[in-house]
Amino acid sequence: MVKPEQPVIPEHSLDRDCTTLSRHVLQQFAGFTAEAQDISAIMNRIALAAKLISRRLSRAGLMAGTLGFTGETNVQGESVKKMDVYANEVFISVFKQSGLICRLASEEMDKPYYIPENCPIGRYTLLYDPIDGSSNVDINLNIGSIFSLRQLEGDDIDEEARDMLQSGDKQIAAGYILYGPSTVLVYSLGSGVHSFILDPSLGEFILAEENIKIPAHGPVYSVNEGNYWQWEESIREYIRYVHRHEGYTARYSGALVGDFHRILLQGGVFLYPGTVKKPEGKLRLLYESAPLAFLIEQAQGKASTGTQRILDIVPEKLHARTPLIIGSREDVQLVESFIQDWLRRKSEQPVTA
Ligand code: AHG
Ligand code: MN
Ligand code: MN
């Protein structure tokens with residue numbers, strides 16, 4: 001009789017179980033400095049927000065008042081879901097009386113939210129998309145949260161939020177939480193991209209993968225092709241190209257975080273281009289495009305509007321939108337080449353009266 005093989009338990013499994021998010025954050029600083037403790041505490045609070053949102057989502061279909069719309073419209077002109085409101089409040093609540101974050105700005109709030117008791121010591125601003133992919137909430141599909149951390153500059157109460165109107169290179173941390181079959185948190189402090197999985201039995205985010213690098217090219221293109229009729233010819237030409245060449249496959253979940261996560265791990269490109277009528281596209285620079293661009297560059301990928309690096313853009317307003325082409329370096333470059341080629345041809349056309 002053949003003996004069943006003993007399961008191989010990797011030696012480092014206990015070490016890995018003990019590599020929690022807060023420990024990992026501290027390891028990235030040279031010493032136990034005030035900054036290291038601040039950032040570790042901030043990440044810990046973000047993890048708490050993730051756990052609260054994840055817990056509610058896991059029971060959403062069983063609880064009254066959780067699914068569906070509120071009947072309100074947000075500053076983006078989009079219908080607000082009950083989960084958008086809940087998650088937005090969670091991020092505020094976890095930072096109240098924390099001494100960590102002076103100001104929060106979210107896709108769901110017209111103006112930044114100011115926590116005066118934190119400001120004497122918590123010189124940071126958190127920008128976030130509380131629920132990304134809201135249309136997936138009511139059908140139990142993957143959704144996410146996106147966050148971006150900046151150093152507070154200028155006045156505490158700056159309703160115009162001028163100090164936030166700076167390039168994405170000013171981010172000191174960025175990341176997202178993906179609420180899927182498991183809850184995953186991915187973050188960067190500017191030295192690599194790292195992923196953590198929530199172990200519900202421990203209530204802790206445990207290290208899954210360090211220094212994630214995106215492949216230089218991947219098979220996936222991720223775009224809402226229903227917008228084909230509204231696009232400029234350059235994007236249509238790119239889409240016709242992938243339709244006519246071997247090796248491409250389409251994936252689009254309706255939640256940027258989910259599509260981005262697939263591409264980060266397996267390669268490919270996500271696009272949300274502008275349209276003829278709305279050249280700025282749909283995605284918000286400060287809460288969506290810039291944080292993910294920060295991550296993708298740390299993973300050796302690329303993020304672009306088609307003509308400009310996302311992290312170079314200085315927004316004119318808090319809720320500014322931008323076209324987004326993000327993912328594997330070669331795939332983003334290919335989309336850019338279609339856009340640039342088309343712009344060149346357009347500029348060479350004779351001007352008709
Ligand atoms: P949000 O739910 O925060 O408004 O973001 C939705 C975004 C993004 O997650 C997704 O990729 C895209 O909008 C989907 O938009 P379309 O339905 O237009 O494809
Ligand atoms: Mn979003
Ligand atoms: Mn959102």
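Mentor: A term to begin with: helices (H or I, at least four residues) and strands (E, at least two) are DSSP runs, numbered from the N terminus. This is a predicted model, where local features need pLDDT of at least 70, side-chain atom pairs count only at pLDDT 80 or more, and totals for chains, interfaces and linings use all residues. Residues are numbered from 1 along each chain as its sequence is written, chains are lettered from A and ligands numbered from 1 in the order in which they are written, and side-chain values use heavy atoms, with hydrogens and water left out.

Trainee: Okay! Which domains does the assignment give?
Mentor: Domain 1 covers 21-209 and domain 2 covers 220-347; such bounds come from an automatic or database domain assignment. Their centres, taken over C-alpha atoms, are 24 Å apart.

Trainee: And how many residues does the contact take from each domain?
Mentor: Domain 1 gives 49 residues and domain 2 gives 33 residues, where contact means heavy atoms within 4.5 Å.

Trainee: What area is buried between domain 1 and domain 2?
Mentor: About 2900 Å², with carbon and sulfur atoms giving 62% of that. Buried area is the accessible area (1.4 Å probe) that two parts lose on being put together, summed over both.

Trainee: How many salt bridges are there between the domains?
Mentor: Three salt bridges are counted between domain 1 and domain 2. The term means a side-chain nitrogen of Lys or Arg within 4 Å of a carboxyl oxygen of Asp or Glu. Glu 107 and Arg 284 form a salt bridge, with their closest N and O atoms 3.5 Å apart.

Trainee: Which element gives the most to the side of domain 1 that touches domain 2?
Mentor: That's β7, with eight residues.

Trainee: Switching topic: in what order do the eight strands of the open sheet run?
Mentor: The order is β4-β3-β5-β6-β7-β8-β9-β10, with mixed pairing. Two strands pair if DSSP finds at least two bridges between them. β4 (113-114) and β10 (204-209) are at the edges with a single partner strand each, so one side of each has no neighbour in the sheet.

Trainee: What packs on that sheet?
Mentor: Helix α6 (residues 256-266) does, touching β5, β6, β7, β8 and β10, and its direction makes about 105° with that of β7. Helix α7 (residues 285-298) lies across β3, β5, β6, β7 and β8 at about 100° to β7. Axes are lines fitted to C-alpha atoms, for helices over the stretch in contact, and angles run from 0 to 180 degrees between N-to-C directions.

Trainee: Do β9 and β10 pair in the parallel or antiparallel sense?
Mentor: Antiparallel, over five bridges. Leu 198 stands opposite Phe 205 in β10. In this hairpin, four residues lie between the strands, and Gly 203 takes a positive phi near 70°.

Trainee: What about the sheet of five strands?
Mentor: It is open and mixed, in the order β12-β11-β13-β15-β14. The edge strands, β12 (249-250) and β14 (302-304), each pair on one side only.

Trainee: Which strands does α6 lie across there?
Mentor: α6 lies across β11 (220-222), β13 and β15, at about 155° to β13. As for α7, that helix lies across β14 and β15, at about 25° to β15.

Trainee: Last one: which residue is the bridge partner of Val 269 in β15?
Mentor: Gly 327. Strands β13 and β15 pair in the antiparallel sense over four bridges.
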